[in-house]
Amino acid sequence: MAPTDTSPKVSQVSSALGFVDEATRNGVSNINSMEKLLVAITMFSALFCPPLKVIAQPIPNGAAIDVEVGKIMNRTHAKGMAVALINHGKVGYVQAYGIRNAKGDPLTPDTVMYGASLTKTVFAYTVMQLVDQGKLNLDNPIKNDLDKPLPSYGPDPVFPDKYGPYKDLAGDPRWERITPRMCLTQSTGFSNFWFLEPDRKLHIHFEPGTHFSYSGEGLILLQFVIEHGRKAQGLGLDLGDLTKANFDRLGMTRTSLVWPNNGQDFNVADGWNDKGQPQPHEKRSKVRVAGSMNTTISDLSKFTAALVNGDGLSRASFAEMTRPQLHITVAHQFPLFQADLPVSEQRKDLYAGLGVVVFDGPQGHGFYKGGHDGQTANTMVCIQASQRCVLILSNDVRSEAGFAELVGFILGDTGVPYDWEYGDHAGKS
């Protein structure tokens with residue numbers, strides 16, 4: 001008779017089964033139950049699934065990175081770039097290159113640069129903290145977080161264009177089905193911004209939650225809900241204050257979602273468009289979570305390290321933020337409202353996460369986010385298994401054409417979907 005197996009594996013399986021049973025009985029919408037379910041999945045994976053073999057190359061040293069950046073700047077004619085490397089979840093190399101303005105002042109690691117749409121990832125991280133605190137439920141329709149119907153709210157009395165014209169939705173009941181998750185997965189059905197619509201009105205273009213279509217407007221809606229939501233459930237909060245608390249905790253002393261009111265900062269980066277024309281730094285006066293952040297490469301590298309570590313979030317919320325949520329079935333991020341590719345041509349691993357895009361490549365699961373305007377080019381790419389990230393901020397949009405090459409040089413082949421993000425538009429205003 002074979003002896004009874006009394007190895008640790010038996011008790012581990014029993015614990016995992018107990019976690020699964022409790023989580024499924026309680027419902028995984030509860031954050032504690034979700035966390036236990038994730039623990040169980042992790043335990044089963046460790047016990048019965050062999051570890052994935054990933055192809056990770058040695059990280060080049062700072063001198064080699066400097067040389068490569070120089071080559072890319074020469075090729076793209078970019079005036080300024082700043083690069084940070086996170087390795088094993090810790091900030092490693094941080095450097096700035098080139099100039100910050102037409103006078104030729106040097107770009108430094110502490111130069112204030114425009115964060116652009118990397119603001120969206122900072123916002124998503126902040127939202128998940130509210131989820132951890134029980135103040136927000138990702139799948140609870142936003143109508144349940146407000147004291148009155150969304151279309152009945154007027155413009156902000158101080159900044160009339162801070163939020164969308166929600167009165168435009170009065171005849172469309174689909175707004176009632178929008179959830180925070182849909183806002184964070186870019187699937188509300190809104191255009192990127194209401195003022196880009198031909199009639200300058202807010203419209204829902206498809207059934208919310210069914211398709212990915214890039215929309216800063218969707219995140220602005222979630223900002224509105226957090227700032228004007230029911231105080232009885234812990235909402236009615238200022239996003240500037242919430243993000244500042246995280247920036248202070250992480251030692252990000254020169255980062256803010258609004259330009260400070262205490263005068264000029266003389267170490268600020270202006271920008272260059274794709275014609276090589278200098279553009280002034282826009283000092284934004286209102287918090288807009290779709291893209292009002294000013295930061296430095298030194299500061300934002302700290303946030304990137306915290307993010308890839310899940311620092312400041314429960315394990316469940318970090319997993320939720322970076323897991324595949326909504327399959328992306330279009331050829332490129334822009335233009336908006338594209339038809340789906342044929343199924344055979346869709347990238348099977350390309351999904352919206354929460355405030356990031358997630359993918360799988362030769363080094364395993366990763367997530368990334370870009371930022372762009374006429375004179376700004378930013379990117380953040382992270383590989384979860386190795387906790388390696390590359391962060392690039394540039395005050396010259398032309399540098400964007402070298403991002404894929406530089407990320408590949410530093411991290412190796414990651415599978416980051418730059419072809420989907422840029423198409424043939426990389427480096428163009």
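Colleague: At what angle do helix α3 and helix α10 pack, and how far apart are their axes?

Modeller: Two packed helices are described by the angle between their axes and the distance between the axes. In this predicted model, helix α3 (residues 62–76) packs against helix α10 (residues 403–411) at an angle of about 170°, and their axes are 10 Å apart. That angle makes α3 roughly antiparallel to α10, because angles over 145 degrees count as roughly antiparallel. The crossing of the two helices is right-handed.

Colleague: Which residues of α3 and α10 make the contact?

Modeller: From α3, the contact is made by Ala-64, Ile-65, Glu-68, Val-69, Ile-72 and Arg-75. From α10, the residues are Glu-405, Leu-406, Phe-409 and Ile-410. Sorted by class, the contact of α3 with α10 has seven nonpolar residues, three charged residues and no polar ones.

Colleague: How many bridges join strand β1 to strand β2?

Modeller: Seven bridges join β1 (residues 80–87) to β2 (residues 90–98), and these strands run antiparallel. One place to look is Met-81, whose bridge partner in β2 is Tyr-97. Two residues lie between the strands of this hairpin, where His-88 takes a positive phi near 55°.

Colleague: What joins β9 to β10?

Modeller: Strand β9 (residues 357–361) and strand β10 (residues 364–373) run antiparallel and are joined by five bridges. Within this pair, Asp-360 has His-365 of β10 as its bridge partner.

Colleague: Is Asp-349 buried or exposed?

Modeller: Asp-349 counts as buried because its relative accessibility is 17%, and the cut-off for buried is under 20%. Asp-349 lies in the loop between β7 and β8 (351–352). Leaving aside residues up to four places away in sequence, Asp-349 touches Val-358, Phe-359 and Asp-360. Asp-349 and Gly-415 are 66 residues apart in sequence, yet their C-alpha atoms are 9.9 Å apart in space.

Colleague: What is the relative accessible area of Leu-341, and how is that value read?

Modeller: Leu-341 has a relative accessible area of 22% and is therefore partly exposed. Leu-341 also lies in the loop between β7 and β8. Apart from residues up to four places away in sequence, Leu-341 touches Thr-329, Val-330, Ala-331 and Gln-346. Leu-341 and Ile-328 are 13 residues apart in sequence and 9.7 Å apart in space, C-alpha to C-alpha.

Colleague: To finish with the whole chain, how many helices and strands are there, and what percentage of the residues count as buried?

Modeller: The protein chain has eleven helices and twelve strands. Of its 429 residues, 51% count as buried. Among contacts between residues at least 6 apart in sequence, 72% join residues at least 24 apart.

Technical notes. Residues are numbered from 1 along each chain as its sequence is written. This is a predicted model: local features need pLDDT of at least 70, side-chain atom pairs count only at pLDDT 80 or more; totals for chains, interfaces and linings use all residues. Side-chain values use heavy atoms; hydrogens and water are left out. Two strands pair if DSSP finds at least two bridges between them. Helices (H or I, at least four residues) and strands (E, at least two) are DSSP runs, numbered from the N terminus. Axes are lines fitted to C-alpha atoms, for helices over the stretch in contact, and angles run from 0 to 180 degrees between N-to-C directions. Angles under 35 degrees count as roughly parallel, over 145 as roughly antiparallel, 65 to 115 as roughly perpendicular and the rest as oblique. A crossing is left-handed if the near helix is turned anticlockwise from the far one by less than a right angle, and right-handed if clockwise. Contact means heavy atoms within 4.5 Å. Ala, Val, Leu, Ile, Met, Phe, Trp, Tyr, Cys and Pro count as nonpolar, Asp, Glu, Lys and Arg as charged, and the others, Gly among them, as polar. Buried means under 20% relative accessible area, exposed over 50%, partly exposed in between (1.4 Å probe, protein chains only).
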